Amino acid sequence: MTDVTFSMSAALDRRLFCRDGGSVRHIVVRMRADGPAAQIAEERKPLNIALVIDASASMRGAKLDAAKAASLGLIDRLIPSDRLSLVSFAEDARIHLDAVPASTEHLARMRAEVNWLEARGNTDLALGYFSGVERVAQVAERDAAMTPRVILLSDGRANRGIVRHAELFRHADELR
């Protein structure tokens with residue numbers, strides 16, 4: 001067992017609000033786990049991760065930059081036995097990496113694929129999510145010992161495909 005300390009902070013993305021109402025603000029949550037990283041990596045099972053990033057027009061600028069930064073932070077914490085799939089989505093879903101081992105020779109490519117992401121088009125969140133689920137499922141069929149995870153980074157503004165949050169949550173719950 002290892003000693004890990006978790007911390008979390010939350011703040012609004014902007015300080016100003018419209019006096020007449022109608023302001024849209026986002027809560028930015030930062031979570032951190034501190035502890036002996038090498039020991040933690042040795043103790044855990046290999047991960048089978050699909051990183052699904054919203055690259056739609058509504059993510060342009062700071063939102064996409066934050067998603068990229070979070071993705072690069074995750075890549076820096078992978079161990080060689082982990083596998084990473086990278087899917088970006090807008091009105092389409094693009095598979096940039098398909099179950100690539102997190103070995104030293106692949107890390108630079110993983111970082112480059114994340115950094116090349118650019119905002120484009122409308123948001124078909126369900127298409128992106130299901131593409132990530134499919135990537136993880138294919139690896140899980142071959143190696144059930146890996147821990148499967150789909151990580152979705154989005155502002156949640158779906159405007160194509162399935163757009164109702166309740167329906168998206170229902171699908172995610174069924175797949176869980």
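**Helices, strands and charged pairs**

Tutor: Ala-69 lies in helix α2. Please keep in mind that the model is predicted.

Student: Is Ala-69 buried or exposed, or something in between?
Tutor: Ala-69 counts as partly exposed, because its relative accessibility is 49%. Ala-69 and Asn-115 are 46 residues apart in sequence, and their C-alpha atoms are 8.9 Å apart in space.

Student: Which residues of α2 are buried, then?
Tutor: The buried residues are Leu-64, Ala-67, Lys-68, Ser-71, Gly-73 and Ile-75.

Student: And what do those buried residues pack against?
Tutor: They pack against β3 (47–54), β4 (83–89), α3 (104–115) and β6 (147–153).

Student: How does the span of α2 agree with 1.5 Å a residue?
Tutor: Helix α2 has 14 residues, 62–75, so at 1.5 Å a residue it should span 20 Å. Its end C-alpha atoms are 20 Å apart, which agrees.

Student: Changing topic: why does strand β2 lie largely in the open?
Tutor: Strand β2 covers residues 27–34, and of these 8 residues the number buried is 0, so the strand lies largely in the open.

Student: What does β2 pair with?
Tutor: It pairs with strand β1 (residues 5–12) in the antiparallel sense, over 8 bridges. As one example, Ala-11 has Val-28 in β2 as its bridge partner.

Student: On to charges. How many salt bridges are there?
Tutor: The count comes to 9 salt bridges. One of them joins the side chains of Asp-98 and Arg-135, at 2.9 Å from N to O. This pair links distant parts of the chain, with Asp-98 in strand β5 (residues 93–101) and Arg-135 in helix α4, 37 residues apart.

Student: Are those two partners buried or exposed, or in between?
Tutor: Asp-98 is partly exposed, because its relative accessible area is 41%. Arg-135 counts as buried, since its relative accessibility is 8%.

Student: Which residues do salt bridges with shared partners join into one network?
Tutor: Asp-92, Arg-94 and Arg-120 are joined in this way. Within that group, Asp-92 forms a salt bridge with Arg-94, and the closest N and O atoms are 2.9 Å apart. Asp-92 counts as partly exposed at 23% relative accessibility, and Arg-94 is partly exposed with a relative accessible area of 40%.

Student: What about Asp-124; where is it?
Tutor: Asp-124 is in the loop between α3 and α4 (125–142). The residue is buried yet has no salt bridge. The nearest side chain of opposite charge is that of Arg-160, 5.3 Å away, whereas a salt bridge requires the nitrogen to be within 4 Å of the carboxyl oxygen.

Student: What does Asp-124 touch?
Tutor: Leaving aside residues up to four places away in sequence, Asp-124 touches Phe-89, Ala-90, Glu-91, Arg-160, Gly-161 and Ile-162.

Student: Last topic: how many aromatic pairs are there?
Tutor: The count comes to 1 aromatic pair. Tyr-129 and Phe-130 form this tilted pair, 5.5 Å centre to centre and with 55° between the planes. Tyr-129 counts as buried at 15% relative accessibility, whereas Phe-130 counts as partly exposed at 30%.

How values were computed
Residues numbered from 1 in each chain as written. Predicted model: local features only at pLDDT ≥ 70, side-chain atom pairs only at ≥ 80, totals over all residues. Heavy atoms only, no water. Helix = DSSP H or I, 4+ residues; strand = E, 2+ residues; numbered from the N terminus. Expected span 1.5 Å × (residues − 1). Buried < 20%, exposed > 50% of the residue type's maximum accessible area, 1.4 Å probe, protein only. Contact = heavy atoms within 4.5 Å. Lys, Arg positive; Asp, Glu negative; His and termini not counted. Pairing = 2+ DSSP bridges. Phe/Tyr/Trp six-rings, centres within 6.5 Å; stacked < 30°, edge-to-face > 60°.
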